[in-house]
Amino acid sequence: GALSFEFIFKGKKLISNSGYFQDFKNKFNLISKSTAAHSTLILENHSSCSFNINSKYKNIENGLKVSNKNIVNKKNYWLIKASHNGYLKKFGVIHERCLEFFSENNKLLGKDRIISKKDYVSKKFDIRFHMIPGVKLTKTLDNKTILIKIENSGWKFTSNYGAINIERGIYFGNKNLFSENENICISGLIENSDQEIKWELEKIQ
């Protein structure tokens, strides 16, 4: 789940990861540690790092390096930016993520860059934003906006990159239990030039 994040508004979780299934003997343990179960970018359903499944404790087998880290924290604004090389060897790209939050407007701006390198391979990418069970998602007719309703507020999610979809998922937030949840997904294909997928989360009520 490299560069994944969670977003909480007034004590209520708006964007989540899928949680951790603690029973290491169950297949859900490995699934819960996969990149697909986190709110970040994934290529060809391939995790950015992998675990040794023959190990009792699922040790990391193929790791990654996080670099170019930048953190800004001001009164009404914060920024987090970093990149990782978990997809460089297999797909020839670097993933860079930038998150900016403007507290006066309750607006979160995100940018995910796919930076092509020498051994570029055209593959499908997905950027997922997981919700906890009970969060209500509604897609608008133009397929460009997702409305999000949580217990204490309403939000809208938009992106500059094609259509946005709502997917079913699995949430492991309770010990060794799972339940259905939903996630927002932006999908596309890697191009042979750098791509920048912009998205925005803004409070509307």
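Modeller: Two residues are in contact when heavy atoms lie within 4.5 Å. Please bear in mind throughout that this is a predicted model.

Biologist: With that rule in hand, which residues are in contact with Ser16, leaving aside its neighbours within four places in sequence?

Modeller: Ser16 is in contact with Phe5, Glu6, Ser39, His130, Ile132 and Tyr171, once neighbours within four places in sequence are set aside. Ser16 itself is placed in the loop between β2 (12–15) and α1 (27–32).

Biologist: Is Ser16 buried or exposed?

Modeller: The term buried applies under 20% relative accessible area. Ser16 has a relative accessible area of 1%, so it is buried.

Biologist: How should I read the chain as a whole?

Modeller: Begin with the secondary structure, which comes to two helices and 16 strands. Then consider burial: of the 205 residues in the protein chain, 43% are buried. The chain exposes about 11,100 Å², and carbon and sulfur atoms supply 48% of that area. Lastly, take the contacts between residues at least 6 apart in sequence; 59% of these join residues at least 24 apart.

Biologist: How many aromatic pairs does the structure hold?

Modeller: There are twelve aromatic pairs. One of them joins Phe129 and Trp199: the rings are 4.8 Å apart centre to centre, with 70 degrees between the planes, and the pair is edge-to-face. Phe129 belongs to strand β10 (residues 124–130) and Trp199 to strand β16 (residues 195–203), so the pair ties together parts that are 70 residues apart in sequence. Phe129 is buried at a relative accessible area of 0%, and Trp199 also counts as buried, at 2% relative accessibility. Elsewhere in the listing of rings, Phe7, Phe9, Trp78, Phe101 and Trp155 form one aromatic cluster.

Biologist: Where does the charged end of Lys90 sit?

Modeller: The charged end of Lys90 sits over the ring of Phe91, 5.8 Å from the ring centre.

Biologist: How many disulfides does the count give?

Modeller: A disulfide requires two cysteine sulfur atoms within 2.5 Å, and by this rule the count is zero. Cys98 counts as buried at 9% relative accessibility, as does Cys185 at 1%.

Biologist: Which backbone angles deserve attention in the loops?

Modeller: Asn45 is not a glycine, yet it has a positive phi of about 55 degrees. Its place is in the loop between β3 (41–43) and β4 (50–51), and at 60% relative accessibility it counts as exposed. Asn143, likewise not a glycine, has a positive phi of about 65 degrees. It is placed in the loop between β11 (136–139) and β12 (145–150) and counts as partly exposed at 31% relative accessibility.

Biologist: Is Lys75 buried or exposed?

Modeller: The term exposed applies over 50% relative accessible area; Lys75 has 78%, so it is exposed. Lys75 lies in the loop between β6 (66–73) and β7 (77–84). Its C-alpha atom is separated by 9.6 Å from that of Phe102, which is 27 residues away along the chain.

How values were computed: Residues are numbered from 1 along each chain as its sequence is written. This is a predicted model: local features need pLDDT of at least 70, side-chain atom pairs count only at pLDDT 80 or more; totals for chains, interfaces and linings use all residues. Side-chain values use heavy atoms; hydrogens and water are left out. Helices (H or I, at least four residues) and strands (E, at least two) are DSSP runs, numbered from the N terminus. Buried means under 20% relative accessible area, exposed over 50%, partly exposed in between (1.4 Å probe, protein chains only). Accessible areas come from the Shrake-Rupley method with a 1.4 Å probe; for residues, only the protein chains shown count as cover. Rings of Phe, Tyr and Trp (its six-membered ring) pair if their centres lie within 6.5 Å; planes under 30 degrees apart count as stacked, over 60 as edge-to-face and the rest as tilted. A charge sits over a ring if NZ of Lys or CZ of Arg is within 6 Å of the ring centre and within 35 degrees of the ring normal.
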